[in-house]
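The tour goes from one selection to the next and says what is to be found at each stop.

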Amino acid sequence: ACAIYVRSCMTTIFKGYLLIIGSVSIVMGIIGMFVPDYTWYPAFENIERGTSAANFVRTMSGVFVASGYILIRFIFSSSKVQLGHVLIYLVAFMLIGKISGLFYEGFQFHDIITASLGFLTLIGLIAVHKHRKNLLNYDL
């Protein structure tokens, strides 16, 4: 009985830790996407606005938001989070970061191409995911 209690306590502690990490990832990602400059974060304070590096940071900030959301959803969900959903969230939030980068850093040819490919990827993921869901047989 003691081992079960210890295991339960450890699970609760890890869930609390993961909740904190997920929440911080979401907040840091949102700040990275939507704050005009990077002086708030020492590692990025030398990145100049309007550069590919600045746009890349905003795009990757979307990954932090998606990862934090998926992490929190995993903690509180009793069902398995499907891989299709995970990929859709990652690409969707990366695109939000990319759009933010286009807004703050300007339109560069490379960024327009990658945003276009990202939208096509998102559409493809959604289409394939819906097709797979339609193939599932719910008759038991």
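Rings of Phe, Tyr and Trp (for Trp, its six-membered ring) count as a pair if their centres lie within 6.5 Å, and the pair is called stacked if the planes are under 30 degrees apart, edge-to-face if over 60, and tilted for the rest. Under that definition, a search of the whole structure finds three aromatic pairs. Before selecting them, note that this is a predicted model, in which local features need pLDDT of at least 70 and side-chain atom pairs count only at pLDDT 80 or more, while totals for chains, interfaces and linings use all residues. Residues are numbered from 1 along each chain as its sequence is written, and side-chain values use heavy atoms, with hydrogens and water left out.

**Aromatic pairs**

Select Tyr41 and Phe44, one of the pairs, which is tilted, with 5.1 Å centre to centre and 45° between the planes. Tyr41 counts as partly exposed at 31% relative accessibility, and Phe44 is also partly exposed, at 29% (buried means under 20% relative accessible area, exposed over 50%, and partly exposed in between, with a 1.4 Å probe and protein chains only). Next select Phe103 and Tyr104, whose ring centres are 5.1 Å apart and whose planes stand at 75°, so this pair is edge-to-face. Phe103 counts as exposed at 67% relative accessibility, whereas Tyr104, at 19%, counts as buried.

**Helix 2 against helix 3**

Now colour helix 2 (residues 52–76) and helix 3 (residues 83–105), whose axes come within 7 Å and cross at roughly 150°. Helices here are DSSP runs (H or I, at least four residues), numbered from the N terminus; the axes are lines fitted to C-alpha atoms over the stretch in contact, and angles run from 0 to 180 degrees between N-to-C directions. The residues of the contact between helix 2 and helix 3 divide into 14 nonpolar, eight polar and four charged, where Ala, Val, Leu, Ile, Met, Phe, Trp, Tyr, Cys and Pro count as nonpolar, Asp, Glu, Lys and Arg as charged, and the others, Gly among them, as polar.

Leaving aside neighbours within four places in sequence, Glu105 is in contact (heavy atoms within 4.5 Å) with Tyr38, Arg49, Gly50, Thr51, Ala54, Asn55 and Arg58.

From that list, move to Gly50, in the loop between helix 1 and helix 2, which counts as partly exposed at 30% relative accessibility. With the same exclusion of neighbours within four places, Gly50 is in contact with Glu105 and Gln108.

**Last stop**

Finish at Val6 in helix 1 (residues 2–34), which counts as partly exposed at 43% relative accessibility. Val6 and Leu102 are 96 residues apart in sequence and 50 Å apart in space, C-alpha to C-alpha.

How values were computed
Helices (H or I, at least four residues) and strands (E, at least two) are DSSP runs, numbered from the N terminus.
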